[in-house]
Amino acid sequence: MNACAKRLVLPPEIEDEVDAVLHKRGIISKIAREQVCDKDISRLRPCQWLNDEIINFYGAMILSRSEASRQKPPLNGTKKTKILDVHYFSSFFWSKLLSEGYERARLSKWTKKFDIFEKDMILIPINHDNMHWTGAAINFREKRIESYDSMNVPRKLVFLKLRQYLDSEHRNKKGKPFDFTDWVDYDPEDTPQQENGYDCGVFTCQFLESLSRGEQGFKFSQCDMTYLRRRMIWEIAHAKFLDRQ
């Protein structure tokens with residue numbers, strides 16, 4: 001069977017809402033400190049490259065869901081939630097880390113209100129030279145620095161810089177070097193791959209969203225990009241996720 005033979009589709013009423021959102025003008029949605037306007041949401045039309053506003057809004061949704069899940073434990077008799085205790089750094093984190101370094105960029109201030117070492121995972125979107133989006137994670141549960149690239153390009157710099165960040169943050173907050181014993185760099189070869197030059201941002205959002213739910217392996221591919229773009233339009237407009245199957 002062709003890999004794209006069975007395409008995911010949104011319910012007709014959701015499709016109608018998506019069309020309505022795309023005809024709106026001005027501010028479309030807000031969450032925390034993030035907002036998107038009509039020009040931003042149009043980046044989720046076919047063949048468009050996602051901007052920081054879309055990436056960071058989706059990240060704020062991931063963070064908000066994680067915080068809500070942590071504050072509201074499951075009711076008696078219900079299954080334990082799969083949502084991990086994560087923190088999401090905006091796309092500007094990587095640019096500051098890369099161009100200025102931990103001290104000059106004052107990255108210690110980014111974590112004044114929480115301890116990253118108590119989290120399950122830290123999620124980081126990375127913009128490479130304003131040309132390509134990838135996802136990265138500091139996975140404390142698995143002791144891994146992770147890189148997810150929809151073009152499978154080796155990202156040694158990602159691993160190097162995130163290890164440096166982790167050590168600097170530990171020295172700043174804990175007063176001693178970080179213990180990297182048993183930690184590994186992880187960039188799985190079976191990461192879903194894009195087949196064009198513009199879907200990297202959608203892949204990146206879906207990498208990070210899936211990781212935040214503790215997914216073992218990704219359940220989407222290039223075939224799902226049209227569906228996922230329209231799904232993201234609805235989710236961003238409503239500032240909440242559609243139920244995952």
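Author: S150 has a relative accessible area of 1% and is therefore buried (buried means under 20%, exposed over 50% and partly exposed in between, with a 1.4 Å probe and protein chains only). The model is predicted, so local features need pLDDT of at least 70 and side-chain atom pairs pLDDT 80 or more, whereas totals for chains, interfaces and linings use all residues. Residues are numbered from 1 along each chain as its sequence is written, and side-chain values use heavy atoms, without hydrogens and water.

Reader: Where is S150 found, and which residues is S150 in contact with?

Author: S150 belongs to the loop between β6 (144–148) and α6 (156–174); helices (H or I, at least four residues) and strands (E, at least two) are DSSP runs numbered from the N terminus. Neighbours within four places in sequence aside, S150 is in contact with H132, P192, Q193, Q194, C200, F203 and F207, where contact means heavy atoms within 4.5 Å.

Reader: What makes the pair of side chains S150 and Q194 a polar contact?

Author: The distance between them is 2.5 Å. A polar contact is a pair of N or O atoms within 3.5 Å; within protein, one must be able to donate a hydrogen and the other to accept it, and residues adjacent in sequence count only if both atoms are side-chain atoms.

Reader: How do you know whether N56 is buried or exposed?

Author: N56 has 2% relative accessibility, and therefore counts as buried. This residue is in helix α3 (residues 52–71). A polar atom of the N56 side chain lies 2.9 Å from the backbone nitrogen of S91. Apart from residues up to four places away in sequence, N56 touches E34, Y88, S90, S91, F92 and P125.

Reader: Is T191 buried or exposed, and on what value does that rest?

Author: The relative accessibility of T191 is 4%, so T191 counts as buried. T191 sits in the loop between β7 and α7. Beyond residues up to four places away in sequence, T191 touches Y148, D149, N152 and F207.

Reader: What makes the relation of α7 to α8 roughly perpendicular?

Author: The axes of helix α7 (residues 200–212) and helix α8 (residues 225–238) cross at roughly 70 degrees and come within 10 Å. Axes are lines fitted to C-alpha atoms, for helices over the stretch in contact, and angles run from 0 to 180 degrees between N-to-C directions. Angles of 65 to 115 degrees count as roughly perpendicular, under 35 as roughly parallel, over 145 as roughly antiparallel, and the rest as oblique. Therefore α7 and α8 are roughly perpendicular to each other. Their contact is made by V202, F203, C205 and Q206 of α7 with M225, L228, R229 and M232 of α8. By class, this contact of α7 with α8 comprises 6 nonpolar, 1 polar and 1 charged residues (Ala, Val, Leu, Ile, Met, Phe, Trp, Tyr, Cys and Pro count as nonpolar, Asp, Glu, Lys and Arg as charged, and the others, Gly among them, as polar).

Reader: At what angle do α4 and α6 pack, and what is their relation called?

Author: Helix α4 (residues 91–99) packs with α6 at about 85 degrees, the axes being 11 Å apart. The two helices are therefore roughly perpendicular to each other. F93, W94, L97 and L98 in α4 meet L157, V158, K161, L162 and Y165 in α6. The classes in this contact of α4 with α6 are 8 nonpolar, no polar and 1 charged residues.

Reader: At what angle do α3 and α7 pack?

Author: The angle between α3 and α7 is about 5 degrees, and their axes are 10 Å apart. That makes α3 roughly parallel to α7. I55, Y58, I62 and R65 of α3 make the contact with G201, C205, Q206, L208, E209 and S212 of α7.

Reader: Why are β3 and β7 said to stand at the edges of the sheet?

Author: The open sheet of 5 strands has the order β3-β4-β5-β6-β7, with mixed pairing. β3 (86–88) and β7 (184–186) each have a single partner strand, so one side of each is left without a neighbour in the sheet. Two strands pair if DSSP finds at least two bridges between them.

Reader: How many bridges join β4 to β5?

Author: Strand β4 (residues 121–128) and strand β5 (residues 132–139) run antiparallel and are joined by 8 bridges.
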